[in-house]
Structures are given as C-alpha cells and as structure tokens.
Amino acid sequence: MAKLKIKFVCTECGTESPKWMGKCPGCGSWNTMTEEAETPVKAQVPRSGLLRGKEKAKSIIDIESEREARVTTGLAELNRVLGGGLVPGSLLLVGGDPGIGKSTLLLQTSHALTKQGLKVLYVSGEESVRQTKLRADRLGALSSGLFVLCETNLDLIDEAIGEVRPDFLVIDSIQTVYRPDVASAPGSVAQVRECTAQFMRIAKGNGIATVLVGHVTKEGAIAGPRLLEHMVDCVLYFEGERHHSYRLLRAVKNRFGSTNEIGIFDMTENGLREVANPSELFLSERPLGVSGSTVVASMEGTRPVLVELQALVAPTHFPSPRRMSSGLDHHRMSLVIAVLEKRMGMFFQNQDAYVNVAGGVRLDEPAADLAAAVSLASSFKDLPTRPYDVVFGEVGLTGEVRAVSRAEQRVKEAVKLGFKRVILPELSVKGWQPPAGIELIAVRTVAEALKAALE
Ligand code: TYD
Ligand code: MG
C-alpha cells in the first residue's frame, strides 16, 4: 500500500497546510489545525457542477419563474422555520446538543411525511434499528413508508437509497458516516466534507430532500468544519435548556426563506408537541405584583411573542459591580443602565444588576429596551410593576423612546392574552386603530414610561 501523505486541515475553515501551525493562516483561529491523511479521492463523479455543459447563461427575463414546490411537513412549527415547507432536492443541516431531541424531531417529521404518502429513509449511525423502532413505537410513528437503516458506510447507504428511492432522507448523524475511499476517520474534516459533498449530489441529483444531523461542540459550533455550513442550503439549530421541556428551532441559514422565524416545541412523554401559543407557555410561571418583572411584546420573526423580562438590582461592596444578562444583549443592558443613571438619576455604581429573559428566549431586537428599563427601575426602587401591563419600545441615548415596527400585532397579542394596558412609543401608535378592551399609554421618554408603569 502506498504510504499516505499527511497534511494539516483547519477544523474551522478547511484551510490546508503541509506542516502544523498553531494559528490557521486562513481564518486566524488558534489550535484548529488537525492532522489528516491526504485523501486519494478517485474522481468517478464530478465534484461539482452537475449541470456543467448543459446549462447556458440566460437572460433573467427568459427564466421561468415557477415557484419552487414545497412539501409541507405536517409540523407547522417546522414549516414556519423552513419558510413554508421542505424544498425537494435541498440539503439541510440540523444541529444541536446531544440529547436535545434531534432524532425525535426527525423521526416525527418522517412519520408525518409518510402520512402524506411519501417514502422516507431514516439512516441511523448512532442507534440500532431496534432502538429506533422502540423510539418510533413510543412516538406512535410506525408506518409502512418509513424505512430504517443502521449503516455508516456511505457506499452502502447510497445503494439503499437506490433501492428505497425515498422522497425524504435523514442521516443521523453526519459525523458517523464515512466514505471508504477517504482515508481519515469518521467525523474528521475530510470525511465530513466529502460525505456532505456526496449527499449534496444525491439530494440534487434525485430531488430528495435530505437532512443531515450534526453534533454541536461545547462552543456552539457544529463539530467538523465550518465549511459544512457553507455547503448546505439550510442550517437549523435545535436548542433548549436541559431542565426545561421546551425546545426552540431556529434557522441560522436558509436559502429558501428568512432566518427570523423560530419554531417552538414542548418535549413530552410521547415526543415533541408543537406549541402554537408560545406567549401562554412563556408567561405560565410569572409571579404577579412583584418588583423587577415586566412583560415585553417581542417579535420572533413574523409572530409576536410575549415574554417576561426580569431584573434584579442588589447592593454590592465590590468596586466593580456585576452586570449579568441572559437572553438580552449585554450592550443593550449597559445602555439602558447608563440612560437610567444619567437621565433618571438612579445610582447603579454600587449595585449589581441582573437581567433574565424567562424561558431561554433571546430578545435581540431593541424593542425590549423599554421593558428592561422598567424592570431595572422597578427592582432598583423596589416598586412592583402592574401584572396586566405589556411594555415595548426602543430606548435612545437621550432617554427618548423610539418607534418600533409592528406595534399593532404586538398590541393584538397582548389583548389576546388578557392584558389591560400597553406602554409603547408614541410614534408607533400612528396609522392603525387600537383594538377594543386595551388601554394604550403612548410615551415619548423613559421618564414617562416609568411614571406610568410604577405609579
Ligand atoms: P433524542 O432525540 O435522542 O436527542 P438527540 O438525537 O438530539 O441526541 O432525544 C433524547 C431525549 O429526549 C432523551 O433525554 C429522552 C427525551 N425524550 C422524551 O422526553 N420523550 C420522548 O418521547 C422521546 C422520544 C425522547
Ligand atoms: Mg440522536
């Protein structure tokens, strides 16, 4: 056997180098160059450009604009994140911590698809066929159109695909499959890259919607090269907190839709249940009539969601007080504290401040600023907020409250959940009729908002 040449590949960006380096010359990350055997890939199939030679450049006017057909998955929350449904021939990556529920989600999706008469091949490299059957039993996901294969050799998987001819293919997980003609171990950069490239050809060539399951490292990146994310059409992350039962599905990349939408699920005894009304779930544990708790109307994609934003301000003897935030951007928290100090005369320099968004939700829009200001001020002064208030608005550096988008939808969600008052930016009240049964308090400054919320 010919001696294998060794090279070093960056696990982040895939840059190659003949000798080891501490710092990747491609992306500058440290300690990411890993040793790999040079891969004697025989180019039986062209590595890219399936259509090369057959397609000519066309004027954009002549291109037929048929809407790409989408297959609705039967799980409304998944459809929402995908932007309407699965696109045939697309390649998806679903990442998440071990044990979060990726296999469960995909098995349920597979079952839902077979109910529409589609054929599904579920390839498991991590669990035996019996284990998968047990799980399917528990989920009530037994159907004749669902084929299960326990295999990690890509050549054999390819053969099975040819036999079953599925409409939907699940590879659980990409780190366990290998190509026998690539010399490195399963899960290595070269294997993951070559296998993904082959699944891409299989997906595009046969019009099979394919999902690759990927493990996530502690740092939150999908294990293996970042390259993987560039190769696939969609990257979805399945996340949640271990001690909570709900799970969020988010798109971080989507070639067929927006990446703003989130899907919300609840992990139960019998698998994942879709949460159609997330506000109810997120507010279910809210304490009433205490200081430091505010409900904010936030937009998660196109859907308004009400969540509780809590703050705790407590005296400290240390010279540099703590600022901790979970679910709210750290910079926005600092900005709100600075505005409260400078414009409202609240002295935070000998106070620790904590902000927490209940339910593991991340609020990344500025509309949460005003709620953070109200919660922080409420805890600072130890004045309770009113239980039936909803607050939203962006806070500017001079203490002004700035308009935010989709005020009407946010207010409607508050009405739906039985709230009595909404404190919102004055400029957001223009151009629409407030629904009956809710009092709108339009404010121009943080001072006005605090006055309305805490008195
Ligand atoms: P799993 O789908 O195996 O996670 P992953 O593929 O991401 O590693 O889910 C495992 C967890 O989900 C496990 O802790 C058990 C729990 N679970 C339920 O609570 N209910 C169920 O019906 C199923 C199938 C799993
Ligand atoms: Mg799994």
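Predicted model: local features only at pLDDT ≥ 70, side-chain atom pairs only at ≥ 80, totals over all residues.

User: Which atoms of I100 and R135 lie by an oxygen atom of ligand 1, and at what distances?

Analyst: For I100 a polar backbone atom is 3.4 Å from an oxygen atom of the ligand. For R135 a polar side-chain atom lies 3.0 Å from an oxygen atom of ligand 1. On its own, ligand 1 has 560 Å² of accessible area (Shrake-Rupley method, 1.4 Å probe; for residues, only the protein chains shown count as cover), and the protein covers 74% of this. Helix α2 (102–114), helix α3 (129–139) and strand β11 (262–268) are the elements that give two or more residues to the shell. Helices (H or I, at least four residues) and strands (E, at least two) are DSSP runs, numbered from the N terminus.

User: How many residues surround ligand 1, and of which classes are they?

Analyst: There are 16 residues around the ligand, with G99, K102, S103, T104 and G271 the closest. A residue is near a molecule or strand if one of its heavy atoms lies within 4 Å of it. By class, the shell has four nonpolar, seven polar and five charged residues. Ala, Val, Leu, Ile, Met, Phe, Trp, Tyr, Cys and Pro count as nonpolar, Asp, Glu, Lys and Arg as charged, and the others, Gly among them, as polar.

User: Why is T114 called buried?

Analyst: T114, in helix α2, has a relative accessible area of 11%. Buried means under 20% relative accessible area, exposed over 50%, and partly exposed in between (1.4 Å probe, protein chains only). The value of 11% is under 20%, and therefore T114 is buried. Its side chain makes a polar contact of 2.8 Å with the side chain of S143. Leaving aside residues up to four places away in sequence, T114 touches V120, S143, G145 and L146, where contact means heavy atoms within 4.5 Å.

User: Is A136 buried or exposed, and how do you know?

Analyst: A136 belongs to helix α3. Its relative accessible area is 5%, which means that A136 is buried. With residues up to four places away in sequence not counted, A136 touches L107, A141 and L142. A136 and H111 are 25 residues apart in sequence, and their C-alpha atoms are 8.7 Å apart.

User: Why is D364 called exposed?

Analyst: D364 has 63% relative accessibility, and therefore it counts as exposed. It is found in the loop between β16 (351–357) and α9 (369–381). Its C-alpha atom is 13 Å from that of V307, 57 residues away along the chain.

User: What marks the backbone at N31 and R165?

Analyst: Neither residue is a glycine, but phi is positive, about 55 degrees for N31 and about 50 degrees for R165. N31 lies in the loop between β2 (16–17) and β3 (33–37), and R165 in the loop between α4 (154–164) and β7. N31 counts as exposed because its relative accessibility is 62%. R165, at 60%, is likewise exposed.

User: Which residues are joined by a cis peptide bond?

Analyst: The bond joins D172 and S173, with omega about 10 degrees. S173 is in the loop between β7 (168–172) and α5 (189–206).

User: How many helices and strands does the protein have, and what share of its residues is buried?

Analyst: The protein has 11 helices and 21 strands, and 49% of its 455 residues count as buried.

Methods. Residues numbered from 1 in each chain as written. Chains lettered and ligands numbered in written order. Heavy atoms only, no water. Polar contact = N/O pair within 3.5 Å; in protein donor to acceptor, adjacent residues only side chain to side chain.
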